[in-house]
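Look at the sequence and the model first, then read on.

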Number of protein chains: 2
Amino acid sequence: MTSKGDLTRSRLSASMLELIQTSGYSGTGLNAVIDHAGAPKGSVYFHFPDGKEGLGVAAVDLAATQFAQLIAEAAASAGGAAAAVRAAVEALTAIVSDSDYRLGCPVSVVTLEMGAESQRLRNACAAAFESWIAPTAALLEAEGLDAAPARSLATVVVSTIEGAVILARATRSAQPLTSAADVLAELIDVRCQKVGGAQ
Amino acid sequence: MTSKGDLTRSRLSASMLELIQTSGYSGTGLNAVIDHAGAPKGSVYFHFPDGKEGLGVAAVDLAATQFAQLIAEAAASAGGAAAAVRAAVEALTAIVSDSDYRLGCPVSVVTLEMGAESQRLRNACAAAFESWIAPTAALLEAEGLDAAPARSLATVVVSTIEGAVILARATRSAQPLTSAADVLAELIDVRCQKVGGAQ
């Protein structure tokens, strides 16, 4: 059973996440989070006794879970790693374009703003990236790549998607994401065919 | 001849750039920029009458020029597009790791923080990305790719490098950048060999 307190905590985390996606971490004030969540004043320090940093970690963790779920859904519905990556990028493209290019990746922006200042937030961001790299690497291993090249390629897949979201936002165009999906799918096919051909 | 005023303007832009790279746009206060630049109080509004936004545009423009120069140097010294991209990523890796993973791309973070709020900053970021995509596309066209696929692949190259810088910062490791260089060089070779093979 979910208590009212748990709900408030979830709402605060979700609001922090959405505001970070739009305006970054430093540009998101706690009052704006409370207003956005429709939460009572004081609820941030009740649920997050260390304030903004703890709320930021919760938002990054929530983003990690949401995008990992999107990867899992893409992997379950698509045939093979290349199709799964393409499906994940397409789902992400819909989110970014439906927001009129106002939403970006909260993990990227928190890394860039806070990575030098807060080890706790940087660790949360590193864990978020890892939670996307690991299942992508598993998809690639399932197609015959060894662990090290699968992990390396999975890291590039996540890097490319992160960068493409940024370019899409800057140019207000889905084209960087479409190009990323095409190139990543081709790249995965080339690498996996090489392995297949060598068998 | 460079006047003292021009020097102060340049120093303010360079300081804004460095502070954005470390802490983002919203996290960089004008007083910190003035201190970092060793510039007199009031100099920001003298050189940038519209304040932080104008200074932010100048910092993004400076970042665009610096990285475009790095691409031009890599293109001049390396043999072919794949080697040039590898050389550019290696130069960037040195900058990021020498900073102990404290410096990220100012254009990415300004896009993510301010893209939804300031059209002027977003346009400056889009122009910065374009100033890196265009010469990369030209390198790919020089190896026989048609204009549209060259541009698409160049966009992916820039996206991947941007994302890899972020993952490198989050994980305090050069590995995402090394993987990006390897994969991008392979991808460019595959695409250009296809064209060569078809001729």
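## A residue between two chains

Leaving aside neighbours within four places in sequence, A:E113 is in contact with A:G24, A:Y25, A:S26, B:S23, B:G24, B:G27 and B:V109. Two residues are in contact if their C-beta atoms, placed from the backbone, lie within 7 Å. A:E113 lies in helix α6 of chain A. Helices here are DSSP runs of H or I with at least four residues, and strands are runs of E with at least two, numbered from the N terminus.

A:E113 is buried, with 29 other C-beta atoms within 10 Å. A residue is buried if 20 or more other C-beta atoms lie within 10 Å of its own, exposed if 12 or fewer, and partly exposed in between, with C-beta atoms placed from the backbone. A:E113 and A:G24 are 89 residues apart along the chain, while their C-alpha atoms are separated by 7.9 Å.

## The model and its confidence

This is a predicted model, in which local features need pLDDT of at least 70, side-chain atom pairs count only at pLDDT 80 or more, and totals for chains, interfaces and linings use all residues. Residues are numbered from 1 along each chain as its sequence is written, and chains are lettered from A and ligands numbered from 1 in the order in which they are written.

The mean pLDDT of chain A is 94, and 97% of its residues reach 70 or more. The pLDDT is the predictor's confidence in each residue, from 0 to 100. For the complex, the predictor gives an ipTM of 0.95 and a pTM of 0.95.

## How the two chains are related

Chain B is superposed on chain A by a rotation of 180° with 0.0 Å of shift along its axis, at an RMSD of 0.0 Å. The two copies are thus related as by a two-fold rotation axis. The superposition is by least squares on the C-alpha atoms of residues with pLDDT of at least 70 in both copies.

How many residues of chain B are in contact with chain A? There are 42, and they meet 42 residues of chain A. On the side of chain B that touches chain A, α1, α6, α7 (119-142), α8 (147-171) and α9 (175-198) each supply at least two residues. Helix α8(B) gives the most, with 16 residues. By class, this side of chain B has 19 nonpolar, 17 polar and six charged residues. Ala, Val, Leu, Ile, Met, Phe, Trp, Tyr, Cys and Pro count as nonpolar, Asp, Glu, Lys and Arg as charged, and the others, Gly among them, as polar. Of the interface residues of chain B, 100% are also interface residues in chain A, so the copies meet through the same surface.

## Two helices and what covers them

Helix α1 (residues 4-23) of chain B has 20 residues and reaches 28 Å from its first C-alpha to its last, close to the 28 Å expected at 1.5 Å a residue. The expected span is 1.5 Å times one less than the number of residues. Buried residues of α1(B) include B:R9, B:L12 and B:M16. The buried residues of this helix pack against α6 (106-114) of chain A together with α2 (30-37), α3 (43-47), α4 (52-77) and α6 (106-114) of chain B. After α1(B) comes B:G24, whose phi is positive, near 85°.

In chain A, helix α4 (residues 52-77) has 26 residues that should span 38 Å at 1.5 Å a residue, and its end C-alpha atoms are 37 Å apart, which agrees. Among its buried residues are A:V60, A:F67 and A:I71. The elements covering the buried residues of α4(A) include α1 (4-23), α2 (30-37), α3, α5 (81-98), α6 and α7 (119-142) of chain A.

The place of A:A180 is helix α9 (residues 175-198) of chain A, and with 30 C-beta neighbours inside 10 Å it counts as buried. Not counting residues up to four places away in sequence, A:A180 touches A:V89, A:T160, A:I161, A:A164, B:V156 and B:S159.

Not counting residues up to four places away in sequence, A:S43 touches A:T8, A:L12 and A:I34.
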